[in-house]
Amino acid sequence: MYERAGVRAEVLLTGEGLRLRQTLTGPLAELAPDPTQEYDLVPVSDSLFAFRAPESRTWTPVTFYTLPTGEPYVHYGVRAAPKVS
């Protein structure tokens, strides 16, 4: 699980591949009719994936990386989130 202010992201292994579950948290969650969305991750390379939300015409890149100090992160939607569990 990865978490940053306002968003929790979980990467799930399904029978079809990886899936990203994004849950809005805090005040943002109260504004959304459904605070949890799920997206199939399409592999581009070992650490780069992409998804396209149903209402979107463009793909969103999702990058997994590790800082030089060892902390794992996921980066998508112009923001990075550290792995918390």
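Author: First a definition: two strands pair if DSSP finds at least two bridges between them. Strands (E, at least two residues) are DSSP runs, numbered from the N terminus. This is a predicted model, where local features need pLDDT of at least 70 and side-chain atom pairs count only at pLDDT 80 or more, while totals for chains, interfaces and linings use all residues. Residues are numbered from 1 along each chain as its sequence is written, and side-chain values use heavy atoms, with hydrogens and water left out.

Reader: Fine. How do β3 and β4 pair, and over how many bridges?

Author: Strand β3, residues 17–24, pairs with β4 in the antiparallel sense, over five bridges.

Reader: What is the strand order in the open sheet of four strands?

Author: The order is β1-β2-β3-β4, with antiparallel pairing. At the edges are β1 (2–4) and β4 (36–40), each pairing on one side only. From one strand to the next the twist averages 20°, with axes taken as lines fitted to C-alpha atoms and angles running from 0 to 180 degrees between N-to-C directions.

Reader: And the open sheet of five strands, what order does that have?

Author: That order is β5-β6-β7-β8-β9, and the pairing is antiparallel. Its edge strands are β5 (42–43) and β9 (79–82), each of which pairs on one side only. Inside the sheet, β6 and strand β7 (residues 60–66) run antiparallel and are joined by four bridges. Leucine 48 has threonine 63 in β7 as its bridge partner.

Reader: Switching to rings. How many aromatic pairs does a search of the whole structure find?

Author: Five. The rule is that rings of Phe, Tyr and Trp (its six-membered ring) pair if their centres lie within 6.5 Å; planes under 30 degrees apart count as stacked, over 60 as edge-to-face and the rest as tilted.

Reader: Why is the pair of tyrosine 39 and phenylalanine 51 called stacked?

Author: The ring centres of tyrosine 39 and phenylalanine 51 are 4.3 Å apart and the planes are at 20°, so the pair is stacked. Tyrosine 39 is in strand β4 and phenylalanine 51 in strand β6 (residues 48–51), so the pair ties together parts that are twelve residues apart in sequence.

Reader: Are those two, tyrosine 39 and phenylalanine 51, buried or exposed?

Author: Both tyrosine 39 and phenylalanine 51 are buried. Buried means under 20% relative accessible area, exposed over 50%, and partly exposed in between (1.4 Å probe, protein chains only).

Reader: What about tyrosine 65 and tyrosine 73?

Author: Those rings have centres 5.8 Å apart and planes at 15°, so that pair is stacked as well. Tyrosine 65 is partly exposed at 30% relative accessible area, and tyrosine 73 is partly exposed at 22%. Elsewhere, Tyr2, Phe49 and Phe64 form one aromatic cluster.

Reader: Now charges. How many salt bridges does the count come to?

Author: Five, taking a salt bridge as a side-chain nitrogen of Lys or Arg within 4 Å of a carboxyl oxygen of Asp or Glu. Among them is glutamate 3 with arginine 8, whose closest N and O atoms are 4.0 Å apart. Glutamate 3 is partly exposed at 29% relative accessibility, and arginine 8 is partly exposed at 26%.

Reader: Which strands do arginine 21 and glutamate 10 come from?

Author: Arginine 21 lies in strand β3 and glutamate 10 in strand β2 (residues 7–14), so the pair ties together parts that are eleven residues apart in sequence. The closest N and O atoms in that salt bridge are 3.9 Å apart.

Reader: Last one. Where is arginine 4, and what does arginine 4 touch?

Author: Arginine 4 is in strand β1. Leaving out residues up to four places away in sequence, arginine 4 touches Arg79, Ala80 and Ala81, where contact means heavy atoms within 4.5 Å.
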